[in-house]
Amino acid sequence: MSLSQYLSKSLDTIKRANWYRQEKTITGLCGAIIDLEGEKLVNFASNDYLGLACDKRLMNAAIQSIQEFGTGATGSRLVSGHRQLHENLENAIASWKNTEKALVFSSGYTANIGVIASLVNQKDLIFSDEYNHSSLKNGAKLSQAQIIEYKHCNCAELEEKLLKNRHNYRHCLIITDTVFSMDGDLCPLPEMMAIANKYDCWLLIDEAHATGVMGKTGGGCLEHFEVKGENIIEIGTLSKAMGSLGGYVAGSEVLINFLKNRCQTWIYTTGLSPADAGAALKAIEIIQEEPQRRRQLWENIRLLKQELNSFKMSFMPSESAIMCLKSKNAEDAVKFSLKLKENGFFVPAIRPPTVPRSRLRFSVMATHKLEHFRRLKEVLNSYQNL
Ligand SMILES: *Cc1c(COP(=O)(O)O)cnc(C)c1O
């Protein structure tokens, strides 16, 4: 079979399943209202929870960093790509997260892959939640450790499997999202921590959707649950509530020095761009100085839940800014998403293979208004039959 025959055939299969996806062009600035393919829509598809990605202060910080350092870091961090700006950003992350040190990566995805692969190998064991993000799953595969999946957030099953398998391996790493990105529920962090301690495991958590959202200062689920531990590796992204691009690891000095010497997705790639680093640094400052943004986000989450309370369709349990409405199948999800678009709302249909069962995924922002939720309710009500 020729390459193009193979590719077309694969795409046909994807299309028949209603799994085919394509990018959509948003024009102009991002925010609670966006211009999508010529239409003004209320945006429920953004991870920019605090509305910082188009904040003038972040934009100016990015411009200033470019003026000071140029557009590219020009090399890997260990060769020629390290600037004072990176150090300032890492210090700000460490101080916010209450860790000794932090390290920034080109993205959250590369941070997860690289960190997992550098921490464990064939002699070791990984326990992974079945709904973990793709980057955690692929990091686990790359590490060549034995991988055991456990049912979503099921600590009893995790413990049972630990009892059966832990003694056959050297190190054991438990990996989990804290806020599950396609479900919106939380990992039971205190219970996980107790299990990790009891069975001599390390716990690697992905705070991508928790940072800036959860906890008293937006520090994430560790702060929200007041969980601490020497055996925790905390990873997150600068690309969601922080409105920039990049990933980070926060932890002890010895962990960070180990990663600087062992983590291939940090060592062999170009340093974070000055614009991204400058914007992220400004975001951390704003998140700490303006807790009212996070308060407004949580008020909006409450308002949306209140509006949808009387609603007959089944929303999945959520304790974050992510709320999902179950669909019968991929076709329904796509149809419903199109209907919502016709009525002024941008709500993505999330389908396999991203999730096992199709759904509409709403993410709430601090910059949404009550009228957006009221109108959404009206529109949803008129399509109850779908
Ligand atoms: C978005 C996301 C990532 C990847 O972060 P990027 O910085 O966008 O690469 C990792 N983990 C989870 C849970 C995410 O939702």
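The legends below describe close-up views of a predicted model.

In this predicted model, local features need pLDDT of at least 70 and side-chain atom pairs count only at pLDDT 80 or more, whereas totals for chains, interfaces and linings use all residues. Residues are numbered from 1 along each chain as its sequence is written, and side-chain values use heavy atoms, with hydrogens and water left out.

View 1. The ligand has 15 residues around it, of which Gly 108, Asp 206, His 209, Thr 237 and Lys 240 come nearest; a residue is near a molecule if one of its heavy atoms lies within 4 Å of it. By class, this shell holds two nonpolar, ten polar and three charged residues, where Ala, Val, Leu, Ile, Met, Phe, Trp, Tyr, Cys and Pro count as nonpolar, Asp, Glu, Lys and Arg as charged, and the others, Gly among them, as polar. Helix 4 (residues 108-119) supplies the largest share of the shell, three residues; helices (H or I, at least four residues) and strands (E, at least two) are DSSP runs, numbered from the N terminus.

**View 2. Aromatic pairs around Phe 44.** The whole structure contains four aromatic pairs, for which ring centres of Phe, Tyr or Trp (its six-membered ring) must lie within 6.5 Å, with planes under 30 degrees apart counted as stacked, over 60 as edge-to-face and the rest as tilted. Phe 44 and Phe 345 form a stacked pair, 6.2 Å centre to centre with 25° between the planes. Phe 44 lies in the loop between strand 3 (39-43) and helix 2 (56-69) and Phe 345 in strand 12 (residues 345-346), so this pair ties together parts that are 301 residues apart in sequence. The rings of Phe 44 and Phe 362 have centres 5.7 Å apart and planes at 70°, so they form an edge-to-face pair; Phe 362 belongs to strand 14 (residues 359-363), 318 residues from Phe 44. Phe 44 and Phe 345 are buried, as is Phe 362, buried meaning under 20% relative accessible area, exposed over 50% and partly exposed in between (1.4 Å probe, protein chains only). One aromatic cluster is formed by Phe 44, Phe 315, Phe 345, Phe 362 and Phe 373.

**View 3. Lysine charges over aromatic rings.** The charged end of Lys 15 sits over the ring of Tyr 20, 4.6 Å from its centre, and that of Lys 97 sits over the ring of Trp 96, 5.2 Å from its centre. The criterion is that NZ of Lys or CZ of Arg is within 6 Å of the ring centre and within 35 degrees of the ring normal.

**View 4. Backbone features in three loops.** The peptide bond from Pro 352 to Pro 353 is cis, with omega near 5°, and Pro 353 is placed in the loop between strand 13 (349-350) and strand 14. Asn 98, in the loop between helix 3 (84-97) and strand 4 (101-105), has a positive phi of about 60° although it is not a glycine, and its relative accessibility of 72% counts as exposed. Asp 200, likewise not a glycine, has a positive phi of about 55°; Asp 200 lies in the loop between helix 7 (189-198) and strand 8 (202-206) and counts as exposed at 54% relative accessibility.
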